[in-house]
Amino acid sequence: MHLKRRTALVAGFLAAPVIARAQSRSVTLVVPFAPGGTTDIGARLIAPRLAAHLGQNVVVENRAGAGSATGAEHARRQAPDGQTVLIAAAATLAVNPALFPDTPYDPIRDFAPIALLGVTGFVLVVPAASGITDLAGLIAKLRAEPGKHNYASAGVGSMPHLAGEWFRHALGLQTEHVAYRGGGPAMQAMLSGEVTFMLESVPTVAGAIADGRLRALARASLRPVGPFAALPAIADQAVPGFDAETWILAATPAGIPPATLTRLNAAFNAALAEAELAQRLAEIGTIAVADSTPASTAQFVAQELDRWKNVISQTGVKIERR
(Lines give C-alpha, C1' and ligand atoms only; values in the text may rest on other atoms or scores of the structure.)
Protein backbone atom coordinates (compact mmCIF):
# COMPACT_ATOMS: atom_id res chain seq x y z
CA MET A 1 0.00 0.00 0.00
CA HIS A 2 2.83 2.37 0.92
CA LEU A 3 4.60 1.78 -2.40
CA LYS A 4 1.38 2.34 -4.35
CA ARG A 5 0.70 5.57 -2.48
CA ARG A 6 4.22 6.84 -3.12
CA THR A 7 3.97 5.95 -6.81
CA ALA A 8 0.69 7.87 -7.07
CA LEU A 9 2.20 10.94 -5.39
CA VAL A 10 5.22 10.90 -7.71
CA ALA A 11 2.94 10.58 -10.72
CA GLY A 12 0.94 13.54 -9.48
CA PHE A 13 4.02 15.72 -9.08
CA LEU A 14 5.23 14.75 -12.57
CA ALA A 15 1.86 15.58 -14.09
CA ALA A 16 1.55 18.98 -12.40
CA PRO A 17 4.21 20.79 -14.49
CA VAL A 18 2.56 19.48 -17.68
CA ILE A 19 -0.77 21.09 -16.66
CA ALA A 20 0.99 24.30 -15.68
CA ARG A 21 2.83 24.47 -19.00
CA ALA A 22 -0.40 23.87 -20.93
CA GLN A 23 -2.19 26.70 -19.15
CA SER A 24 0.79 29.06 -19.51
CA ARG A 25 0.65 28.87 -23.32
CA SER A 26 -1.17 31.65 -25.12
CA VAL A 27 -4.54 31.03 -26.68
CA THR A 28 -4.66 32.48 -30.21
CA LEU A 29 -7.90 33.92 -31.54
CA VAL A 30 -7.66 33.68 -35.33
CA VAL A 31 -9.71 36.45 -36.98
CA PRO A 32 -10.12 35.65 -40.70
CA PHE A 33 -10.57 39.32 -41.64
CA ALA A 34 -8.38 42.41 -41.75
CA PRO A 35 -8.10 44.56 -38.61
CA GLY A 36 -10.83 47.11 -37.96
CA GLY A 37 -13.98 45.26 -38.95
CA THR A 38 -16.81 44.18 -36.67
CA THR A 39 -15.41 40.67 -36.18
CA ASP A 40 -11.92 41.94 -35.41
CA ILE A 41 -13.14 44.62 -32.99
CA GLY A 42 -15.37 42.08 -31.25
CA ALA A 43 -12.48 39.64 -30.85
CA ARG A 44 -10.22 42.33 -29.42
CA LEU A 45 -12.88 43.41 -26.92
CA ILE A 46 -13.45 39.83 -25.81
CA ALA A 47 -9.79 38.75 -25.64
CA PRO A 48 -8.71 40.38 -22.33
CA ARG A 49 -11.83 39.23 -20.48
CA LEU A 50 -11.44 35.72 -21.90
CA ALA A 51 -7.84 35.72 -20.69
CA ALA A 52 -8.98 36.63 -17.19
CA HIS A 53 -11.41 33.72 -17.05
CA LEU A 54 -9.02 31.21 -18.62
CA GLY A 55 -6.01 32.27 -16.60
CA GLN A 56 -4.02 32.34 -19.84
CA ASN A 57 -2.71 34.97 -22.20
CA VAL A 58 -4.97 35.49 -25.21
CA VAL A 59 -3.71 37.03 -28.45
CA VAL A 60 -5.55 38.04 -31.63
CA GLU A 61 -4.09 37.08 -34.99
CA ASN A 62 -5.53 38.44 -38.25
CA ARG A 63 -5.37 36.14 -41.28
CA ALA A 64 -7.49 37.79 -43.97
CA GLY A 65 -8.14 36.54 -47.47
CA ALA A 66 -10.64 34.75 -49.73
CA GLY A 67 -13.64 36.15 -47.88
CA SER A 68 -12.39 34.68 -44.57
CA ALA A 69 -11.57 31.23 -46.00
CA THR A 70 -7.81 31.75 -45.62
CA GLY A 71 -7.98 32.26 -41.87
CA ALA A 72 -10.45 29.43 -41.38
CA GLU A 73 -8.26 27.01 -43.32
CA HIS A 74 -5.24 28.05 -41.22
CA ALA A 75 -7.17 27.46 -37.99
CA ARG A 76 -8.42 24.09 -39.24
CA ARG A 77 -4.86 22.86 -39.63
CA GLN A 78 -3.82 23.62 -36.05
CA ALA A 79 -3.69 21.07 -33.25
CA PRO A 80 -7.07 20.50 -31.55
CA ASP A 81 -5.68 21.31 -28.11
CA GLY A 82 -7.67 24.43 -27.25
CA GLN A 83 -4.81 26.80 -28.02
CA THR A 84 -6.21 27.97 -31.37
CA VAL A 85 -9.72 29.42 -31.62
CA LEU A 86 -11.30 30.63 -34.85
CA ILE A 87 -13.48 33.72 -34.46
CA ALA A 88 -15.83 33.11 -37.35
CA ALA A 89 -18.56 35.21 -38.92
CA ALA A 90 -21.60 34.12 -40.90
CA ALA A 91 -19.54 34.35 -44.09
CA THR A 92 -16.94 31.95 -42.70
CA LEU A 93 -19.07 29.00 -41.63
CA ALA A 94 -22.35 29.51 -43.50
CA VAL A 95 -22.19 31.72 -46.61
CA ASN A 96 -18.81 30.74 -48.11
CA PRO A 97 -19.33 26.97 -47.82
CA ALA A 98 -22.83 27.35 -49.27
CA LEU A 99 -21.71 29.59 -52.12
CA PHE A 100 -18.32 28.21 -53.16
CA PRO A 101 -17.92 24.47 -53.89
CA ASP A 102 -14.13 24.86 -53.61
CA THR A 103 -14.16 26.16 -50.02
CA PRO A 104 -11.15 24.31 -48.53
CA TYR A 105 -12.88 23.25 -45.32
CA ASP A 106 -16.13 21.71 -44.18
CA PRO A 107 -17.78 23.86 -41.49
CA ILE A 108 -19.43 20.83 -39.86
CA ARG A 109 -16.69 18.20 -40.16
CA ASP A 110 -13.58 20.32 -39.59
CA PHE A 111 -14.59 22.48 -36.62
CA ALA A 112 -15.96 22.00 -33.13
CA PRO A 113 -18.10 25.05 -32.28
CA ILE A 114 -17.38 26.46 -28.82
CA ALA A 115 -19.88 29.28 -28.32
CA LEU A 116 -22.02 31.82 -30.14
CA LEU A 117 -20.53 35.14 -29.02
CA GLY A 118 -22.73 37.84 -30.51
CA VAL A 119 -25.29 38.72 -33.15
CA THR A 120 -25.36 41.80 -35.39
CA GLY A 121 -28.63 42.76 -37.05
CA PHE A 122 -29.19 44.10 -40.57
CA VAL A 123 -31.57 46.83 -41.67
CA LEU A 124 -32.95 47.94 -45.04
CA VAL A 125 -32.08 51.58 -45.72
CA VAL A 126 -32.75 54.20 -48.39
CA PRO A 127 -31.37 57.73 -48.82
CA ALA A 128 -33.42 60.13 -46.71
CA ALA A 129 -33.64 62.41 -49.73
CA SER A 130 -35.41 59.72 -51.76
CA GLY A 131 -38.77 60.54 -50.22
CA ILE A 132 -39.45 56.85 -49.52
CA THR A 133 -40.79 56.55 -45.99
CA ASP A 134 -41.73 52.90 -45.54
CA LEU A 135 -41.14 49.43 -46.96
CA ALA A 136 -44.46 49.35 -48.82
CA GLY A 137 -43.51 52.60 -50.56
CA LEU A 138 -40.14 51.21 -51.63
CA ILE A 139 -41.67 48.02 -53.03
CA ALA A 140 -44.35 49.99 -54.88
CA LYS A 141 -41.72 52.24 -56.46
CA LEU A 142 -39.54 49.31 -57.53
CA ARG A 143 -42.52 47.56 -59.10
CA ALA A 144 -43.74 50.70 -60.85
CA GLU A 145 -40.31 51.36 -62.40
CA PRO A 146 -38.84 47.94 -63.31
CA GLY A 147 -35.21 47.96 -64.34
CA LYS A 148 -34.64 51.57 -63.23
CA HIS A 149 -33.40 50.87 -59.71
CA ASN A 150 -30.49 49.09 -58.08
CA TYR A 151 -29.20 48.09 -54.69
CA ALA A 152 -25.74 48.28 -53.17
CA SER A 153 -23.67 45.66 -51.39
CA ALA A 154 -20.28 45.42 -49.73
CA GLY A 155 -19.10 43.04 -52.46
CA VAL A 156 -20.02 40.04 -54.57
CA GLY A 157 -20.95 37.12 -52.33
CA SER A 158 -21.22 39.27 -49.23
CA MET A 159 -24.13 38.99 -46.81
CA PRO A 160 -25.65 42.28 -48.12
CA HIS A 161 -25.45 40.89 -51.67
CA LEU A 162 -27.19 37.63 -50.79
CA ALA A 163 -29.78 39.42 -48.65
CA GLY A 164 -30.50 41.78 -51.54
CA GLU A 165 -30.92 38.88 -53.97
CA TRP A 166 -33.24 37.11 -51.53
CA PHE A 167 -35.37 40.27 -51.19
CA ARG A 168 -35.41 40.92 -54.95
CA HIS A 169 -36.16 37.34 -55.96
CA ALA A 170 -38.85 36.74 -53.33
CA LEU A 171 -40.79 39.82 -54.48
CA GLY A 172 -40.14 39.38 -58.19
CA LEU A 173 -38.41 42.77 -58.44
CA GLN A 174 -36.39 43.86 -61.48
CA THR A 175 -33.50 45.56 -59.74
CA GLU A 176 -29.76 45.42 -60.40
CA HIS A 177 -27.02 44.58 -57.92
CA VAL A 178 -24.06 46.97 -57.67
CA ALA A 179 -21.08 45.62 -55.73
CA TYR A 180 -18.68 47.97 -53.94
CA ARG A 181 -15.43 47.31 -52.13
CA GLY A 182 -16.82 47.17 -48.62
CA GLY A 183 -19.70 48.54 -46.58
CA GLY A 184 -18.22 52.02 -46.39
CA PRO A 185 -18.06 52.62 -50.17
CA ALA A 186 -21.52 51.09 -50.55
CA MET A 187 -22.89 53.52 -48.00
CA GLN A 188 -21.26 56.45 -49.79
CA ALA A 189 -23.00 55.33 -52.98
CA MET A 190 -26.28 55.36 -51.08
CA LEU A 191 -25.67 58.85 -49.79
CA SER A 192 -24.81 60.16 -53.24
CA GLY A 193 -27.97 58.69 -54.76
CA GLU A 194 -26.17 56.18 -57.00
CA VAL A 195 -28.34 53.34 -55.66
CA THR A 196 -31.90 53.09 -54.35
CA PHE A 197 -31.58 50.81 -51.34
CA MET A 198 -29.26 48.59 -49.36
CA LEU A 199 -29.48 45.84 -46.76
CA GLU A 200 -26.56 46.39 -44.42
CA SER A 201 -25.34 45.72 -40.89
CA VAL A 202 -26.37 48.12 -38.16
CA PRO A 203 -22.81 49.27 -37.31
CA THR A 204 -22.19 50.34 -40.91
CA VAL A 205 -25.30 52.50 -41.29
CA ALA A 206 -26.21 53.57 -37.73
CA GLY A 207 -24.36 56.88 -37.88
CA ALA A 208 -25.95 57.94 -41.17
CA ILE A 209 -29.39 56.98 -39.86
CA ALA A 210 -28.83 58.93 -36.65
CA ASP A 211 -27.83 62.11 -38.47
CA GLY A 212 -30.71 61.87 -40.93
CA ARG A 213 -28.84 61.04 -44.13
CA LEU A 214 -30.29 57.53 -44.42
CA ARG A 215 -33.74 56.25 -43.46
CA ALA A 216 -34.21 52.76 -42.02
CA LEU A 217 -37.38 51.20 -43.40
CA ALA A 218 -37.34 47.73 -41.88
CA ARG A 219 -35.42 45.28 -39.77
CA ALA A 220 -33.86 42.64 -42.01
CA SER A 221 -33.26 40.20 -39.16
CA LEU A 222 -36.00 38.28 -37.40
CA ARG A 223 -34.19 38.66 -34.10
CA PRO A 224 -35.13 42.07 -32.59
CA VAL A 225 -31.64 43.17 -31.54
CA GLY A 226 -29.73 46.41 -31.43
CA PRO A 227 -30.78 50.04 -31.67
CA PHE A 228 -33.36 49.33 -34.40
CA ALA A 229 -35.11 46.45 -32.67
CA ALA A 230 -38.42 48.34 -32.75
CA LEU A 231 -38.46 48.54 -36.54
CA PRO A 232 -40.98 46.25 -38.25
CA ALA A 233 -39.36 43.18 -39.81
CA ILE A 234 -39.25 42.49 -43.55
CA ALA A 235 -40.51 39.01 -42.65
CA ASP A 236 -43.66 40.45 -41.13
CA GLN A 237 -44.41 42.88 -43.96
CA ALA A 238 -43.27 41.43 -47.25
CA VAL A 239 -41.18 38.23 -47.29
CA PRO A 240 -42.16 35.56 -44.74
CA GLY A 241 -39.12 33.99 -43.12
CA PHE A 242 -36.73 36.70 -44.32
CA ASP A 243 -33.78 36.82 -41.93
CA ALA A 244 -30.46 38.53 -42.63
CA GLU A 245 -28.01 38.96 -39.79
CA THR A 246 -24.39 38.22 -39.12
CA TRP A 247 -22.71 36.90 -36.02
CA ILE A 248 -19.42 36.12 -34.37
CA LEU A 249 -18.79 32.62 -33.16
CA ALA A 250 -15.89 30.77 -31.57
CA ALA A 251 -14.83 27.40 -32.97
CA THR A 252 -11.78 25.19 -32.67
CA PRO A 253 -10.32 22.43 -34.85
CA ALA A 254 -12.31 19.21 -34.65
CA GLY A 255 -11.04 16.56 -32.28
CA ILE A 256 -10.64 18.77 -29.21
CA PRO A 257 -11.02 16.88 -25.88
CA PRO A 258 -14.53 17.40 -24.46
CA ALA A 259 -13.19 18.76 -21.15
CA THR A 260 -11.15 21.41 -22.97
CA LEU A 261 -14.15 22.37 -25.10
CA THR A 262 -16.30 22.73 -21.98
CA ARG A 263 -13.64 24.88 -20.30
CA LEU A 264 -13.44 27.23 -23.28
CA ASN A 265 -17.22 27.51 -23.50
CA ALA A 266 -17.48 28.39 -19.81
CA ALA A 267 -14.77 31.06 -20.14
CA PHE A 268 -16.39 32.71 -23.18
CA ASN A 269 -19.82 32.71 -21.52
CA ALA A 270 -18.41 34.17 -18.31
CA ALA A 271 -16.70 36.95 -20.25
CA LEU A 272 -19.81 37.79 -22.27
CA ALA A 273 -21.96 37.85 -19.13
CA GLU A 274 -19.96 40.85 -17.87
CA ALA A 275 -22.03 44.01 -18.18
CA GLU A 276 -19.10 46.18 -19.28
CA LEU A 277 -18.10 43.87 -22.13
CA ALA A 278 -21.72 43.51 -23.25
CA GLN A 279 -22.04 47.30 -23.33
CA ARG A 280 -18.87 47.74 -25.37
CA LEU A 281 -20.04 45.15 -27.88
CA ALA A 282 -23.42 46.87 -28.07
CA GLU A 283 -21.63 50.09 -29.02
CA ILE A 284 -20.42 48.40 -32.24
CA GLY A 285 -23.88 46.97 -32.89
CA THR A 286 -23.24 43.45 -31.60
CA ILE A 287 -25.51 41.93 -28.98
CA ALA A 288 -23.59 39.62 -26.65
CA VAL A 289 -24.75 36.02 -26.22
CA ALA A 290 -23.70 34.54 -22.89
CA ASP A 291 -25.65 31.30 -22.61
CA SER A 292 -24.74 29.11 -25.57
CA THR A 293 -23.33 25.61 -25.29
CA PRO A 294 -21.13 23.70 -27.74
CA ALA A 295 -24.18 21.62 -28.70
CA SER A 296 -26.48 24.62 -29.24
CA THR A 297 -23.73 26.39 -31.20
CA ALA A 298 -23.20 23.36 -33.46
CA GLN A 299 -26.94 23.25 -34.11
CA PHE A 300 -26.92 26.98 -34.90
CA VAL A 301 -24.10 26.56 -37.46
CA ALA A 302 -25.91 23.68 -39.15
CA GLN A 303 -29.14 25.69 -39.36
CA GLU A 304 -27.36 28.76 -40.75
CA LEU A 305 -25.55 26.67 -43.37
CA ASP A 306 -28.81 25.06 -44.49
CA ARG A 307 -30.59 28.42 -44.56
CA TRP A 308 -28.04 30.06 -46.85
CA LYS A 309 -27.82 26.98 -49.06
CA ASN A 310 -31.57 27.29 -49.56
CA VAL A 311 -31.35 31.03 -50.29
CA ILE A 312 -28.58 30.49 -52.84
CA SER A 313 -30.53 27.65 -54.46
CA GLN A 314 -33.76 29.67 -54.65
CA THR A 315 -32.16 32.84 -56.01
CA GLY A 316 -29.78 31.10 -58.42
CA VAL A 317 -26.77 33.13 -57.29
CA LYS A 318 -23.58 31.74 -58.83
CA ILE A 319 -20.17 33.25 -58.22
CA GLU A 320 -16.71 32.10 -59.29
CA ARG A 321 -13.64 32.91 -57.24
CA ARG A 322 -11.05 34.96 -59.06
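**Notebook: helix pairs, a strand and an alanine**

Helix 6 and helix 12 are oblique to each other. I started with this pair, keeping in mind that the model is predicted. I looked up the geometry: the axes of helix 6 (residues 159-171) and helix 12 (residues 294-315) cross at roughly 55° and come within 10 Å.

Next I listed who makes the contact. Helix 6 brings Met159, Leu162, Glu165, Trp166 and His169. From helix 12 come Arg307, Trp308, Val311, Ile312, Gln314 and Thr315. Sorted by class, the contact of helix 6 with helix 12 has six nonpolar, three polar and two charged residues.

I moved on to helix 7 (residues 183-192) and helix 8 (residues 202-210), whose axes lie 10 Å apart at an angle of about 30°. That makes helix 7 roughly parallel to helix 8, and I logged the crossing as right-handed. Gly183, Met187 and Leu191 of helix 7 meet Thr204, Val205 and Ala208 of helix 8. I counted four nonpolar and two polar residues in this contact, with no charged ones.

**Strand 7**

Is strand 7 buried or exposed? I checked residues 197-201, and five of the five are buried, so strand 7 is largely enclosed by the rest of the structure.

Which strands pair with strand 7? I found strand 4 (residues 111-127), which pairs with strand 7 in the antiparallel sense over four bridges. In that pairing I picked out valine 123, whose bridge partner in strand 7 is glutamate 200. I also found strand 5 (residues 149-153), which runs parallel to strand 7 and is joined to it by two bridges. Here tyrosine 151 has phenylalanine 197 of strand 7 as its bridge partner.

**Alanine 278**

My last stop was alanine 278, which I found in helix 11 (residues 275-283). Its relative accessible area is 26%, so alanine 278 is partly exposed; the cut-off for buried is under 20%. Leaving out residues up to four places away in sequence, alanine 278 touches Leu272 and Ala288.

Note on methods. Residues are numbered from 1 along each chain as its sequence is written. This is a predicted model: local features need pLDDT of at least 70, side-chain atom pairs count only at pLDDT 80 or more; totals for chains, interfaces and linings use all residues. Side-chain values use heavy atoms; hydrogens and water are left out. Buried means under 20% relative accessible area, exposed over 50%, partly exposed in between (1.4 Å probe, protein chains only). Two strands pair if DSSP finds at least two bridges between them. Axes are lines fitted to C-alpha atoms, for helices over the stretch in contact, and angles run from 0 to 180 degrees between N-to-C directions. Angles under 35 degrees count as roughly parallel, over 145 as roughly antiparallel, 65 to 115 as roughly perpendicular and the rest as oblique. A crossing is left-handed if the near helix is turned anticlockwise from the far one by less than a right angle, and right-handed if clockwise. Contact means heavy atoms within 4.5 Å. Ala, Val, Leu, Ile, Met, Phe, Trp, Tyr, Cys and Pro count as nonpolar, Asp, Glu, Lys and Arg as charged, and the others, Gly among them, as polar.
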